[in-house]
Amino acid sequence: MDALDQLTEEKKDILQNYLVVTGQTDLEIAILALEHHSWQLEAIQAQFGDTRTPSRPDESLGGLGVNDMSSDEDDHPPPPPPPPSLPRTQPRPPTGFVIPEALSRSFLTWFTWPINTIWNVTWPLLAYFFTLFPQTFRQAITGQSTRTGPSRPPQDPAAVATRFLREYEEAYGTQHPNFYAGGYSAALNKAKNDLKFLVVYLHSDENDATDKYCKETLADSELLSYLVVNEMIVWGGNVKETEGFQVATTLQTVRYPFLGVIALSQPTAGSSTTKMVLIDRIEGPSTAEQIIERLTQQVNRQSAALDRLRSERRERDMAREIRQQQDDAYQQSLRADREKARQQREAQEAADKLKQEQERIEAEKEAALNRRERHLKYLYENLPEEPAAGETGCARLSFKLWNGERVIRRFRGTEPVEHVYIFIETIEFRECGTKAESHLEAEEHIGYKHEYDFVLISPFPRTKIVNREALIKDEPALWPSASLVVELVEEEDDE
C-alpha cells in the first residue's frame, strides 16, 4: 500500500485499467509491469490483443487530456490463458510382465515427483516474467512482432494535419469541415482556451462506409453551416497515423466513421479546475441530420455552463484589463516624474557648469590682469630715467594723450622705440603714486608678450610708428624731436 500511496491520481487510474485488462491481482507485479512500459497502457493493451480501454465516467483516458462522459459498455478482455499443464503418462510395463498395482503407483509417484517439483518452482517465475515482458515471450514463441498500431516514427503534428487535409481533398473534394491545421493537443488547448466545442473526426480508410460518409455526410452544406455558426473547432485524423491511432485508443473507438464531441466540464466539488471531457460519441454511418440533432442536444445541454464560464472569463479579463490600465497609468506617471526630475537635474547641472565656467573665466581674467599689472610694474621700474636737460644725443618728444593732456619727455637716441611705448603705458604709475606703491611685486614673465592698446602717430604727415625694435635716432618721425598723438586701438578701428 505504500507504493500505491506514492502514485498520482492519473497513475492510479492507469493501474486500475491495467488490473481490469490483464486480470492481475498482485498490485506490486502490476506496478512493476507498468513502470517497465513507462505507464503506457496502450502498449500493454496491444500485447493482449485489444486496444480498447474500459470506460469509466470522469476518468482520464490515455493521458491525452480528455475524459469520457459518454455511455459506452465495458469490454473486458479475458485474462491470459493458463500455462499448458505437463502431460502425465502412465508407464507401460513390458509385455509378459505384471507389476502389482501398489508398486505401480509408488513407482509413478517417485518418477513424477522431481518433474512436478521443478514445474511448481519454474512456472510462477515464468508467469511473473511473462507479466513483465509479454511481448518478448510472444516474439520468442511465434517469431513475429505483436506490435499493433502504426509503426511510423513520431512526426510534426502540423505536418500530419496538412497531409491529412491534402489526402482528404484529393479523395473527397474540397467541400468538408474546416479541419484544424494542427495537432490534437493544440486543437484541444484552443477549444479549452476559447471555450468552444471540439468535434473530433477519426478517419479509417479500411472501413466500407468511409467513402459515402465523407462524400455525403461531411460534405452536407447544412452541417458545414451549423459547425461554422456555432463556432465549433473540427479536428480530423487518420487512424493509420500515430497521433490518430493514439486518439482512437484514448476515445475508445469501436466503429468507424467516428465523431466525438469534447467540451469543457464544470469544476467538481472541492476543486476549481476545469478539464476537457468527451460528452458525446457518434459511431458508425450516420446522416448529417442525425449529427446536427446530436450536436444540438449537446449545445443546449452545455450552453448555460459555457455561457457562465465565458461570463466569468470576461469578468476576469475586464478586471485584468483595469489592473493593466492602472499599472500603465502608474508607469506613465512614474515616467513623467522621472523625466521631470531628469530635466531638473540636467538644468541644475547646466547651471552649475555655467557658474563654474564663469568663475573660471573670471579667475583667468583676474590672473591675466594681475600678471599684466605686475609686468607693467616691472617695465616701469626698469625704464631708464629721463636724460638731463643738457645731455646731448637726445630726442624731445611731445605727446597728446587720449584724454587731451600733453606730456613732454626726453629720450636718448640709442634707446629703442619700445621705451617710448613703455613710457606711455606706465604713465599711470607716474601720475598715481599709490598704484606704483601697490602690494603687487614687479615680475617679468618669460614668454609673456604685452599687447598695447594704443598706437603712436606722427600727424604731419600721418605716420604710424609701429617698429618698436628700432632705435629712436633711426626713426625719422621721432628724431630729433616730434609731436605725437596717442590713439587708442579701438578708436582707430572705429575710424
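Tutor: F164, Y168, Y172, F179, Y201 and Y213 come together as one aromatic cluster, where rings of Phe, Tyr and Trp (its six-membered ring) pair if their centres lie within 6.5 Å. This is a predicted model, so local features need pLDDT of at least 70 and side-chain atom pairs pLDDT 80 or more, while totals for chains, interfaces and linings use all residues. Numbering runs from 1 along each chain as its sequence is written, and side-chain values use heavy atoms, with hydrogens and water left out.

In total there are 12 aromatic pairs. One of them is Y452 with F454, edge-to-face at 5.7 Å centre to centre and 75° between the planes (under 30 degrees is stacked, over 60 edge-to-face, the rest tilted). Y452 and F454 are both buried, meaning under 20% relative accessible area with a 1.4 Å probe, protein chains only.

Now the arginines. The charged end of R409 sits over the ring of F411, 4.4 Å from its centre, and that of R468 sits over Y421 at 5.4 Å; the test is CZ of Arg within 6 Å of the ring centre and within 35 degrees of the ring normal.

R410 belongs to strand 7, residues 406-412 (a DSSP E run of at least two). R410 is buried but has no salt bridge, with E391, the nearest side chain of opposite charge, 5.6 Å away; a bridge needs a Lys or Arg side-chain nitrogen within 4 Å of an Asp or Glu carboxyl oxygen. Instead, look at the backbone: a polar side-chain atom of R410 lies 2.2 Å from the oxygen of A388, and the oxygen of P387 is 3.3 Å from one.

Key:
Helices (H or I, at least four residues) and strands (E, at least two) are DSSP runs, numbered from the N terminus. Buried means under 20% relative accessible area, exposed over 50%, partly exposed in between (1.4 Å probe, protein chains only). Lys and Arg count as positive and Asp and Glu as negative; His and the chain ends are not counted. A polar contact is a pair of N or O atoms within 3.5 Å; within protein, one must be able to donate a hydrogen and the other to accept it, and residues adjacent in sequence count only if both atoms are side-chain atoms.
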